[in-house]
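Open the model in your viewer and follow along. Each stop gives you something to select and says what is there.

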Amino acid sequence: MKTRKKSKFFSILHKLFPVKKLFLPLAGTLAGAVNGLFGGGGGMIVLPALERAGCPVRSAHATALAVILPATLVSALVYLFCGVPFGTLLPVLLGTSAGGLWGAALLPRLREETLSFLFALLMLLAGVRMLLP
Amino acid sequence: MSFLLLFLAGLAGGVFGGMGMGGGTLLIPLLVLMGVPQKFAQAMSLFSFLPMSAAALSVHAKNGLIERGKVLPLALPAVLCSALFALLAFFLPARALRTGFAVFLVFLSLFRFRAALSSFLAEKGAEK
């Protein structure tokens with residue numbers, strides 16, 4: 001019930017393409033496109049798709065990672081070959097690594113609903129702010 | 001751009017990434033609003049995703065959490081499309097990418113709000 005509500009979008013996809021076998025490849029196509037074009041966010045599509053396909057939450061997270069990692073590697077290489085300079089990459093990388101460990105350690109101590117809500121709020125604010133000049 | 005500011009932006013994005021919430025989706029707007037060009041921010045998001053997720057993935061694999069049968073049908077088109085669209089991103093104007101990503105973020109956040117609200121209500125219902 002919860003996963004069905006989570007992914008209205010995919011239920012629309014389901015109605016358009018009733019062939020079950022097409023569902024995962026379609027979700028993969030969309031996720032790859034978003035990941036390559038915007039430099040992230042593919043996991044946000046793969047994760048609900050896997051939950052919709054009947055994966056339990058924990059293995060959906062793990063499997064989504066196994067899908068997004070090679071896709072990210074390939075698009076990162078394309079960005080590299082297209083000549084994006086990487087002088088500023090090091091501080092960001094150090095930050096995300098430290099932050100990643102911190103976040104993983106914090107996770108068990110926080111309420112998931114609060115966190116999810118906060119994250120959605122931040123995404124909304126970031127999105128609206130980026131629409132403005 | 002100062003080392004410290006970039007480090008802090010990475011830290012903020014990384015905290016959410018470590019919680020499994022897609023750090024890149026916050027890292028990109030943070031970097032862009034700090035004045036990093038859109039395409040650099042995207043490239044940084046991609047690269048900074050790699051080490052942490054490779055580490056996490058190896059742990060998940062050891063724990064047998066990966067559903068192998070579902071990886072290939074998802075990953076094959078995802079890898080092909082991510083290469084194609086990364087190329088496309090290079091030919092598109094940065095402004096278009098910024099707007100497109102912003103719209104994607106707004107949609108994602110609305111879906112998230114719905115999901116958060118429905119799980120909150122379900123919990124309330126269970127308490128009664």
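Start where chain A and chain B meet. In this predicted model, 91 residues of chain A are in contact with 83 residues of chain B. Show both chains as surfaces. Between them they bury about 8000 Å². Carbon and sulfur atoms make up 81% of that buried area.

Next, select A:Phe38, A:Phe119 and A:Met130. These residues of chain A lose the most area to chain B. Together they account for 10% of what that side buries.

Now color chain A by helix. Which elements give two or more residues to the side that touches chain B? They are α1 (2-6), α2 (8-16), α3 (20-38), α4 (43-52), α5 (57-81), α6 (89-106) and α7 (112-131) of chain A. Pick out α5(A): it brings the largest share, 20 residues.

Switch to coloring by residue type. The side of chain A that touches chain B divides into 60 nonpolar, 23 polar and eight charged residues.

Turn to the polar links. Between chain A and chain B, 12 residue pairs are in polar contact, both residues at pLDDT 80 or more. Salt bridges across this interface number zero.

How many salt bridges are there over all chains? The count is one. To see it, select B:Glu67 and B:Lys70, whose side chains meet at 2.9 Å, N to O. Are these two residues buried or exposed? B:Glu67 is partly exposed, with a relative accessible area of 24%. B:Lys70 has a relative accessible area of 18%, so it counts as buried, the cut-off being under 20%.

Methods: Residues numbered from 1 in each chain as written. Chains lettered and ligands numbered in written order. Predicted model: local features only at pLDDT ≥ 70, side-chain atom pairs only at ≥ 80, totals over all residues. Heavy atoms only, no water. Contact = heavy atoms within 4.5 Å. Buried area = accessible area lost by both parts, 1.4 Å probe. Salt bridge = Lys/Arg side-chain N within 4 Å of Asp/Glu carboxyl O. Polar contact = N/O pair within 3.5 Å; in protein donor to acceptor, adjacent residues only side chain to side chain. Helix = DSSP H or I, 4+ residues; strand = E, 2+ residues; numbered from the N terminus. Nonpolar A, V, L, I, M, F, W, Y, C, P; charged D, E, K, R; others polar. Buried < 20%, exposed > 50% of the residue type's maximum accessible area, 1.4 Å probe, protein only.
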